[in-house]
Amino acid sequence: MASDGKARKQDYAGGETHQIADDDHPVLTTNHGMPISDNQNQLKAGPRGPVLIEDEVFREKMNHFDHERIPERIVHARGSAAHGYFECTESLADITVADLFQKKGQRTEVFTRFSTVAGGAGSVDTPRDVRGFAVKFYTREGNWDLVGNNIPVFFIQDAIKFPDLIHAAKMEADRGYPQAATAHDTFWDFISLMPESTHMVMWAMSDRTLPRTFANMEGFGVHTFRFINKEGKSTFVKFHWKPKAGLASTIWDETVKIAGADPDFQRRNLFESIDRGDFPTWELGVQLFDEAFAESQPYDVLDATKIIPEEVLPVRIVGKMVLDRYPDNFFAETEQAAFVPSHVVPGIGFSNDPLLQGRLFSYTDTQLSRLGSVNFHQLPINRAKGRAEAAGCPFMNQQRDGHMQMSVPKGRANYEPNSLAQAGEEAGAREDPERGYKTFPSEEQGQKLRIRPESFADHYSQARLFFRSMDPAEQAHIASALVFELSKVSLEHIRISVMANLRNVDETLAQRGADGLAMDLPPPSKTAAPVLDMDPSPALRIIRGPLEKHTLEGRTVGILIADGTDAGELSTLKDAVKAAGGTPMTIAPKVGKVPLSDGSAIAADAQLFGQPSVTVDACAVILSEAAAAKLVKEGAAVQWVMDAFGHLKAIGVNDAAKPLLDKAGVEPDEGVTDLAGFVEAAKKRYWDREASVRTLA
Ligand code: HDE
């Protein structure tokens with residue numbers, strides 16, 4: 001018997017022991033249920049002899065392990081997800097029969113996965129990349145997958161180009177790098193030859209691809225969809241997710257450093273914020289319009305490289321999504337979740353957007369190789385939750401068998417029609433013309449052609465609209481991102497041709513790019529349609545835009561402390577941060593025990609070397625004079641403050657800690673405060689500081 005009172009088994013005389021089954025631990029078994037007597041030693045011929053092939057316990061364990069991985073998603077491989085609910089806050093019963101929008105207050109379970117696009121499953125959370133924003137609604141009329149992104153447009157207009165786009169964006173085929181980065185020849189080669197991508201490139205080079213956390217992103221359905229109501233009337237709809245935590249992004253230098261400091265930064269944030277009850281929340285908004293509106297716009301609503309500016313057609317908020325439960329098992333849920341845009345429910349339909357139409361094929365197809373079976377819908381995370389009156393049997397049809405069939409259908413009604421009911425046998429399910437899915441009967445006619453409509457020809461007006469709608473700080477970030485990315489392009493003709501396209505967007509932008517790369521501007525590329533000067537759309541901004549939120553809610557304040565830190569100042573600040581809805585995190589050179597001024601000691605939440613200031617939203621420094629004198633010689637401490645300043649964060653400091661700020665080159669501005677003013681100051685970043693800390697294009 002071991003000291004904890006638990007029965008243990010000893011491997012060899014005087015050697016290691018291990019726990020055996022008891023009241024707390026059920027009996028270990030093989031996959032076919034046979035109890036296992038020893039999980040530490042292979043079966044051998046004699047204590048020092050060869051192992052025996054008959055050892056089913058070992059063979060089964062190793063065999064299962066060898067097959068633990070499934071192919072990662074070809075795109076969006078790196079992802080993190082959470083469970084939650086959608087609540088309808090305004091009924092859309094007059095516009096759609098979709099179950100989830102019928103009644104104010106009605107809740108529908110959801111599972112939402114966020115992802116990067118280009119990197120592999122083990123790549124970092126924070127490259128410059130578009131983020132996937134995929135929501136599975138388990139409605140009572142089946143699952144609806146709204147598989148969107150955090151950017152409302154896309155690179156291409158036709159799905160047939162998608163494999164080329166992705167091949168060009170992912171690591172180069174011969175050298176196997178770069179991982180999760182678009183700053184390389186093949187991506188920009190493809191882009192330079194694809195003027196339709198210009199609008200999306202503006203978004204991709206903007207701060208939108210550097211979201212601080214998942215909870216700080218907008219989400220978009222991208223395509224135009226349809227709502228269909230009881231009378232069969234169709235209304236076009238575009239979907240928007242608006243983050244309650246506000247939009248927030250990182251500085252490029254910060255995002256690069258986060259990648260090293262914490263490759264799981266956003267995944268960890270999702271887990272930890274749910275764990276502490278800060279549930280990530282979004283409002284769902286819709287832009288609703290009819291054919292007449294669509295025809296009156298200077299672009300085609302079927303073209304996924306275009307937005308409808310919110311100033312032209314306001315977003316109407318109709319619901320909210322709260323993510324309040326982290327998955328129990330990453331593989332079973334996050335990895336095996338299959339999002340399929342063709343999975344809609346009655347009341348929701350498609351438009352003729354050729355990008356969307358191609359997606360309707362691709363996603364089911366990809367699950368067949370990724371999850372390996374036509375029965376992927378039977379996995380717990382993918383199973384429909386069931387219609388109210390059919391709880392427990394959410395899908396009923398005559399489809400049978402296949403790899404990994406989990407159901408055991410009874411009877412012989414595996415075909416339909418059948419008359420077996422007349423003989424009292426189980427006869428199976430039947431169609432329901434009333435409640436079943438009705439495709440909107442749009443009038444379609446035309447020759448079979450491989451062609452794009454003229455209405456898709458304008459590739460620059462909305463790129464211009466986006467750039468000109470940005471705050472000056474964001475414009476500088478876009479120009480600098482272009483310079484960085486193109487500086488990594490080794491083939492000069494590609495840079496030239498990108499610049500030629502950019503001249504059609506905005507001359508100042510092209511000039512800033514050319515200056516940053518020290519190249520001459522080429523003549524503008526030819527345009528297929530006149531470039532329009534549309535009214536700017538302030539809704540597109542993050543910085544000083546309508547969704548930038550000055551708050552500590554959901555945000556973390558790092559407090560650098562060390563031996564002798566004033567106990568009173570520390571507890572006052574922690575209380576103030578909590579009162580403002582933030583999370584204080586103490587960070588010290590030694591994590592186990594930090595002696596404070598009053599003789600007490602606390603354990604720090606994190607160690608200085610492992611918790612650089614890029615991992616927190618605002619930074620306070622509370623030191624004794626002696627500790628400050630020591631830390632001015634500690635590179636990690638100096639860098640901690642220097643980065644906080646360089647990343648435009650608020651810095652709150654007590655008097656004794658000022659030498660550390662001086663050493664870090666911190667120049668006083670309104671974001672650098674004493675402890676009393678810090679909590680208020682910590683609610684935002686200081687964009688005006690940027691010009692003093694780095695050169696931007
Ligand atoms: Fe995807 N996309 N995509 N995509 N996509 C996939 O499906 C595809 C597009 C998006 O968290 C794949 O199950 C084509 C637009 C998200 O599991 C694949 C085209 C938008 C996710 C696929 C597009 C998206 C995917 C890979 C051009 C925003 C991750 C694994 C027509 C509206 C979902 C998988 C998750 C995943 C194909 C373009 C969003 C290969 C052919 C536009 C969020 O089927």
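The questions and answers below walk through one predicted model, from its confidence to its ligand shell and its domains.

Student: What is the mean pLDDT of the chain?

Tutor: This is a predicted model, in which local features need pLDDT of at least 70 and side-chain atom pairs count only at pLDDT 80 or more, while totals for chains, interfaces and linings use all residues. Residues are numbered from 1 along each chain as its sequence is written. The model scores ipTM 0.98 and pTM 0.96. With pLDDT being the predictor's confidence in each residue, from 0 to 100, 98% of the residues of the chain reach 70 or more, and the mean is 96.

Student: Which element supplies the largest share of the shell around the ligand?

Tutor: The ligand is surrounded by 26 residues, where a residue counts as near if its C-beta atom, placed from the backbone, lies within 6 Å of the molecule. Helices (H or I, at least four residues) and strands (E, at least two) are DSSP runs, numbered from the N terminus, and at least two residues of the shell come from each of β4 (107–116), β5 (131–139), β6 (142–149) and α9 (354–370). The largest share, six residues, is supplied by α9.

Student: How many residues of the shell around the ligand are charged?

Tutor: The closest residues to the ligand are R73, H76, G132, A159 and V222. For the classes, Ala, Val, Leu, Ile, Met, Phe, Trp, Tyr, Cys and Pro count as nonpolar, Asp, Glu, Lys and Arg as charged, and the others, Gly among them, as polar. The shell then divides into 14 nonpolar residues, nine polar ones and, as charged residues, three.

Student: Which residues does UniProt list for "active site"?

Tutor: The entry is unreviewed, and UniProt annotations, given here in the numbering used for this chain and with shortened feature names, may be inferred rather than shown by experiment. The record lists H76 and N149. Because no two of their C-alpha atoms are more than 10.4 Å apart, although they span 74 residues in sequence, they gather at one spot. The two names from the UniProt record are therefore H76 and N149.

Student: Is H76 buried or exposed?

Tutor: H76 sits in the loop between α1 (56–66) and β3 (79–88). Leaving aside its neighbours within four places in sequence, H76 is in contact (C-beta atoms, placed from the backbone, within 7 Å) with S115, V117 and G132. A residue is buried if 20 or more other C-beta atoms lie within 10 Å of its own, exposed if 12 or fewer, and partly exposed in between, with C-beta atoms placed from the backbone. Because H76 has 23 C-beta neighbours inside 10 Å, H76 counts as buried.

Student: In which strand is N149 found?

Tutor: N149 has 24 other C-beta atoms within 10 Å and is therefore buried. Once its neighbours within four places in sequence are left aside, N149 is in contact with V130, R131, G132, F133, F220 and V222. The strand that holds N149 is β6.

Student: Which helix gives the largest share of the side of domain 1 that touches domain 2?

Tutor: The chain is divided into domain 1 (79–182 + 214–390) and domain 2 (556–693), with bounds that come from an automatic or database domain assignment. Their centres, taken over C-alpha atoms, are separated by 37 Å, and nine residues of domain 1 are in contact with eight residues of domain 2. By class, the side of domain 1 that touches domain 2 has four nonpolar, no polar and five charged residues. The largest share of that side, five residues, comes from helix α5 (residues 252–261).

Student: Against which elements do the buried residues of α6 pack?

Tutor: In helix α6 (residues 265–275), the buried residues are F265, Q266, R267, N269, L270 and S273. Just after α6, G277 takes a positive phi of about 90°. The buried residues of α6 pack against β3 and α5.

Student: Is D401 buried or exposed?

Tutor: D401 has a positive phi of about 60° although it is not a glycine, and D401 is found in the loop between α9 and α10. Because D401 has 9 C-beta neighbours inside 10 Å, D401 counts as exposed.

Technical notes. Two residues are in contact if their C-beta atoms, placed from the backbone, lie within 7 Å.
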